[in-house]
Amino acid sequence: MLHRIKQVRLTVLILGMAACEPGEVTQVDPSESGTEIPSVPRVNRTALIVHAAVDSVDGALADSLGWRDGIPGAEIHVLRNGTASWVTRITNSAGTARFKNLLPGLYRVFGGRTLTEGEAKEAGSLARAFGDGRTIRIGGETELELTMLADRSGSLVISEIGRGTPPDWETNGSYLKGLYFEIYNNSHSTMFLDGKIFGAMFASGFREVARLPCAVSEQIRTDPAGIHVRWMLQFPGSGSEYAVPPGGARTVAVAAIDHTPVHPTLLDLTNADFEIGQTGSANNPAVPDMLDIGLAPFPVGVLVAVRDVFFLSDPVDVSSLPVLFRDPQGREYVRVPRDKLLDVMAVTLLWPDSDARAVPCLQMVHRDFDRYEGGFIEIGFGVDVQATVSLQRKVLRTGADGLRILQDANTSAVDFFVGGKTPGWIP
């Protein structure tokens, strides 16, 4: 569920470790080294100090936990762009974690914390989770404020996206019909999918390039009034035909057929609840079709896009939505208003600096909708592994009645994980 978010402190302070400014290259004088070797460049390193605090909207919860100085025991993850080695530290009693000997560069920094059973009981609360993150460039003294927001539940959410596809050379080309996504009822009441909309923003097109610099697309990437999208699928039904009970999951397949004859890593999706279909025709007449209502035909390959923003919303009349942005190629985007949005999920590929000919714009969507995108495909993540995985939302807690509540801290980086494919059920 989406909520208006207020700024609070997760302070990141980067301090230079050497006498000169961080990021400078210092020549080593051979006469001082005692050898006659040529001058060798030495890159100065930096220290990263992260302080985690609870968002002010959850101030009462923080007080009940005694977290007045910061969040203790939070996991803080740091990754330098162009590498595949995450460094993780745990915050101390004051909510601080330290990282030493970091090279200058672009870094992903995000963190999360889940209450233990004892902490939740002490606070008179159920299990809660917190999360936040930012992308920052280390190269000098830097101070950055982030937030950690507690989870919310009580809505339909995107619970899984089956991203894995077989290697192209094993299927005579890209095979996308085996893709799917899943919607979960994260509330205690029966909800209906009728008329709900699932779509994508086309965020992969927002890069620092001459024809569309990030400064131009920023107006829609950071709009707090809603998200701007091109591709939309609508669930069929007139209002009360497609019920989802509390804790129920519904699968939308590109093609609701048995895909195992094509490749052993694929699934039998014959029992999917809905079908996107290809070129407007269904592959399984027994499965209801999704309605393509976007400004351009829905590209099923977006489900494995290296970078995009997905959303789920209540029904809207697309023809009435304002077009506030057209890119240089004339592609239009309509804005789905924030009061209609049920869930937003941002996904990105961890891309190396050495191949940054078109650097992605850092902020993909306003932080009220997703505080930090998930970096799910790391460098060196082999195609043999990719073929068998999906992105899954974490289970936060299970009630006495067996109902599973999934984590929804509006932070994809901490809410989702890479796991095996489980369409239609929650592992």
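1. Helices and strands here are DSSP runs, numbered from the N terminus, with helices (H or I) needing at least four residues and strands (E) at least two. With that in hand, where does H263 sit? H263 is in the loop between β19 (249–253) and β20 (274–275). Leaving out neighbours within four places in sequence, H263 is in contact with P166, P167, E170 and T171. Y175 is 88 residues away from H263 along the chain, yet their C-alpha atoms are separated by 9.5 Å.

2. Before going further, please keep in mind that this is a predicted model. The mean pLDDT of the protein is 83, and 82% of the residues reach 70 or more. Residues 2–35 are a stretch to flag: the pLDDT there is below 50, although the model gives this stretch 113 contacts beyond near neighbours in sequence. Residues 379–384 also fall below 50, with nine such contacts in the model. Where pLDDT is low, the predicted coordinates should not be read in detail. I'd keep that caveat next to the 113 contacts of residues 2–35.

3. Now the overall picture. The protein has six helices and 30 strands. Of its 427 residues, 52% are buried. Among contacts with a separation of 6 or more, 75% are between residues 24 or more positions apart. The accessible surface comes to about 18,300 Å², and carbon and sulfur atoms account for 51% of that.

4. In soluble globular proteins, nonpolar side chains tend to be buried together. Here the largest nonpolar core has 58 residues, and the members that touch the most others are F181, F206, F235, I276, L303, F310 and F311. Strand β25 (residues 341–349) supplies the largest share of this core, with six residues. Another core lies apart from it and has 25 residues, V50, V54, V109 and A150 among them.

5. Next, the aromatic rings. A pair of aromatic rings is described by the distance of the centres and the angle of the planes. The model has nine aromatic pairs. In one of them, W86 and F110 have ring centres 5.3 Å apart and planes at 80°, so the pair is edge-to-face. This pair links distant parts of the chain, 24 residues apart: W86 is in the loop between β5 (75–80) and β6 (87–90), while F110 is in strand β8 (residues 105–114). Are the two partners buried or partly exposed? W86 counts as partly exposed because its relative accessibility is 24%, whereas F110, at 12%, counts as buried.

6. The F198–F298 pair is tilted, with 6.4 Å from centre to centre and 55° between the planes. Here 100 residues separate the partners: F198 is in strand β15 (residues 197–200), and F298 is in the loop between β21 (291–292) and β22 (307–313). F198 has a relative accessible area of 0%, so F198 is buried. F298 is buried as well, at 8%. Ring pairs also join F198 and F298 with F181 and F310 into a cluster.

7. D58 is in the loop between β4 (46–52) and α2 (59–65). Why does D58 count as buried? Its relative accessible area is 5%, and the cut-off is under 20%. Setting aside residues up to four places away in sequence, D58 touches L149, A150 and R152; A150 is also one of the members of the 25-residue core. T147 belongs to the loop between β10 (142–145) and β11 (149–150). T147 counts as buried because its relative accessibility is 1%. R134 is 13 residues from T147 in sequence, and their C-alpha atoms are 9.4 Å apart in space.

Note on methods:
Residues are numbered from 1 along each chain as its sequence is written. Side-chain values use heavy atoms; hydrogens and water are left out. A nonpolar core is a set of buried Ala, Val, Leu, Ile, Met, Phe, Trp, Tyr and Cys residues joined through side-chain atoms within 4.5 Å. Buried means under 20% relative accessible area, exposed over 50%, partly exposed in between (1.4 Å probe, protein chains only). Rings of Phe, Tyr and Trp (its six-membered ring) pair if their centres lie within 6.5 Å; planes under 30 degrees apart count as stacked, over 60 as edge-to-face and the rest as tilted. Contact means heavy atoms within 4.5 Å. pLDDT is the predictor's confidence in each residue, from 0 to 100. Accessible areas come from the Shrake-Rupley method with a 1.4 Å probe; for residues, only the protein chains shown count as cover.
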